[in-house]
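Me: I would like to go through this structure with you and ask, term by term, what each label rests on.

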Amino acid sequence: MSSTPIDIASAIQSASIKRHPSPHHDLNPSTAASSKQPVEPASPTSSVSSNADSIPDSALKPIPRRANLPPLPDMRFEQSYLASLQGAESYWRIAWITGRDQVILPLVQGMLWTLLLSGWRYWNRGAHFRGATLGSKVRRWWWNVNNWKIPEETQEKLSEKVGEFYTAQLGGHD
């Protein structure tokens, strides 16, 4: 029974492997970049014309690139899924691992991301320009750098607006 989960994982993995790829269908077509030829600069004795057809020196002597970055890690879902299936002993364990990886974890990640964004919006909604905190100073500086007009804060409160509406609609009668 211990080999059944491994057999299932092996079947899932081997189903996506092409055993006999066709070079006509599975390779990218060749382009001008497929065959690289080094650029030979003109000899210093030859005169370079100043017309638009001449090649600029920046193209002949490009700026050297910095060292290449390391290769990107393989972040495909299949590899981590197969690794977690290796310890499964029963079909229920395989079902649990699949449900966890396909349903529960994406749901929890989406919920936490939404809560994080909602919390940020709630916390940031009271951001004012008239404060002594570092955030207020940076905000005022940024708006001044961009020549944006800093909004004026109104001292009216909602309760005062409601009171004015009440007196205007009902004429102050009870």
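**Surface, helices and aromatic pairs**

Reply: The protein chain exposes about 16100 Å², of which carbon and sulfur atoms supply 61%; accessible areas come from the Shrake-Rupley method with a 1.4 Å probe, and for residues only the protein chains shown count as cover. This is a predicted model, in which local features need pLDDT of at least 70 and side-chain atom pairs count only at pLDDT 80 or more, while totals for chains, interfaces and linings use all residues. Residues are numbered from 1 along each chain as its sequence is written, and side-chain values use heavy atoms, with hydrogens and water left out.

Me: What makes the pair of Trp 141 and Trp 142 tilted?

Reply: The search of the whole structure finds 2 aromatic pairs. Rings of Phe, Tyr and Trp (its six-membered ring) pair if their centres lie within 6.5 Å, and planes under 30 degrees apart count as stacked, over 60 as edge-to-face and the rest as tilted. The ring centres of Trp 141 and Trp 142 are 6.0 Å apart and their planes stand at 45°, so this pair is tilted.

Me: Why is the pair of Trp 143 and Trp 148 called edge-to-face?

Reply: The centres of these two rings, Trp 143 and Trp 148, are 5.3 Å apart with the planes at 85°, so the pair is edge-to-face.

Me: How do you know whether Trp 141 is buried or exposed?

Reply: Buried means under 20% relative accessible area, exposed over 50% and partly exposed in between (1.4 Å probe, protein chains only). Trp 141 has a relative accessible area of 51% and is therefore exposed, whereas Trp 142, at 44%, is partly exposed. Trp 143 is also partly exposed, at 23%, and Trp 148, with 42% relative accessibility, counts as partly exposed as well.

Me: How many helices and strands does the protein chain have?

Reply: There are 7 helices and 0 strands, where helices (H or I, at least four residues) and strands (E, at least two) are DSSP runs numbered from the N terminus. Helix H6 (residues 134–145) has 12 residues and reaches 16 Å from its first C-alpha to its last, close to the 16 Å expected, the expected span being 1.5 Å times one less than the number of residues.

Me: Which residues make up the largest nonpolar core?

Reply: A nonpolar core is a set of buried Ala, Val, Leu, Ile, Met, Phe, Trp, Tyr and Cys residues joined through side-chain atoms within 4.5 Å. The largest one has 7 residues in all, namely Ala 9, Tyr 81, Leu 82, Leu 85, Ala 88, Ile 94 and Ile 97. H4 gives the most to this core, with 3 residues.
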